[in-house]
Amino acid sequence: MHRNRYKILLSEAEIRSRVEELARAINTDYSGEELLVVGILKGAFIFMADLVRELTIPIAVDFMDMSSYGASTRSSGEVRILKDLETPVEGKNIIVVEDIVDTGLTLSYIAELLRTRNPKSLRICALLDKPSRRKVDITPDYRGFTIPDYFVVGYGLDYNEEHRNYRDICILQPAQHED
Ligand code: IMP
């Protein structure tokens, strides 16, 4: 590990306290309701695990895995499903949990797809938001942090599958930035 190539943007403590705030908002908004929490793999797995443990309403969890077409670009615009939900969503309250909204293409595709399955409600919870990179008009209903256009790793986010296990969210130095 070359930890010194990374600068901490959001510390473990900052993330924990913000995740608790997000969960409190969700607990309040869905009081008396049931919720299906849909995690988008792989980046959301740590955020999702921490978030759902702070929820006090009755929940079920499920996961989707999506991929952009094109090897070199993550945000090429076309998205395909690698793993679909196992749970029917019709008539349910759904929150889609994502690590980061960048161009917004992935989330807008997922939201449109899930809406065709007639959920009772559909909201988006993203830990990070990079609005300066947005290509489609999508705003998370629950948002942890708005960040500038840095490539970040840690707390589930990767660079070439590395660094997902960092406790903090760190900025990858520009020399390593490949978009
Ligand atoms: P979008 O479709 O452009 O919004 O891309 C969202 C996906 O791109 C996220 O779920 C991440 O997997 C990936 N991504 C975007 N920005 C970053 C970043 O700064 N670090 C790690 N992954 C990122």
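An oxygen atom of the ligand sits 2.9 Å from a polar backbone atom of Asp102. Taken alone, the ligand exposes 490 Å², and the protein buries 91% of that. Such areas come from the Shrake-Rupley method with a 1.4 Å probe; for residues, only the protein chains shown count as cover.

This is a predicted model, in which local features need pLDDT of at least 70, side-chain atom pairs count only at pLDDT 80 or more, and totals for chains, interfaces and linings use all residues. Residues are numbered from 1 along each chain as its sequence is written, and side-chain values use heavy atoms, with hydrogens and water left out.

Now the shell around the ligand. It holds 17 residues, and the closest are Asp99, Thr103, Gly104, Thr106 and Val152. Seven shell residues are nonpolar, four polar and six charged. Ala, Val, Leu, Ile, Met, Phe, Trp, Tyr, Cys and Pro count as nonpolar, Asp, Glu, Lys and Arg as charged, and the others, Gly among them, as polar. Strand 5 and helix 3 (105–115) each supply at least two shell residues. Strand 5 gives the most, with four.

Step back to the whole chain. It has three helices and nine strands. Helices (H or I, at least four residues) and strands (E, at least two) are DSSP runs, numbered from the N terminus. In order, the elements run β-α-β-α-β-β-β-α-β-β-β-β. Buried residues make up 47% of the 179 in the chain. Buried means under 20% relative accessible area, exposed over 50%, partly exposed in between (1.4 Å probe, protein chains only).

Next, the interior. In soluble globular proteins, nonpolar side chains tend to be buried together. The largest nonpolar core has 30 residues, and Ile26, Phe47, Leu51, Val97, Cys125 and Leu128 touch the most other members. Among the elements that each supply at least two of its residues are helix 1 (12–29), helix 2 (45–53) and strand 5 (93–101). Helix 1 gives the most, with five residues. A nonpolar core is a set of buried Ala, Val, Leu, Ile, Met, Phe, Trp, Tyr and Cys residues joined through side-chain atoms within 4.5 Å.

Which residues does Ile26 touch, not counting residues up to four places away in sequence? They are Leu35, Leu51, Leu55, Ile57, Ile95, Cys125 and Tyr142. A second, separate core of 20 residues includes Val38, Leu85, Ala111 and Leu113.

Two loops complete the tour. Asp158 is found between strand 8 (152–153) and strand 9. Asp158 is buried, with a relative accessible area of 8%. A polar atom of its side chain lies 2.6 Å from the backbone nitrogen of Glu161 and 3.4 Å from that of Asn160. Glu78 lies in the loop between strand 3 (59–68) and strand 4 (79–83). Glu78 is exposed, with a relative accessible area of 52%.

Conventions:
Contact means heavy atoms within 4.5 Å. A residue is near a molecule or strand if one of its heavy atoms lies within 4 Å of it. A polar contact is a pair of N or O atoms within 3.5 Å; within protein, one must be able to donate a hydrogen and the other to accept it, and residues adjacent in sequence count only if both atoms are side-chain atoms.
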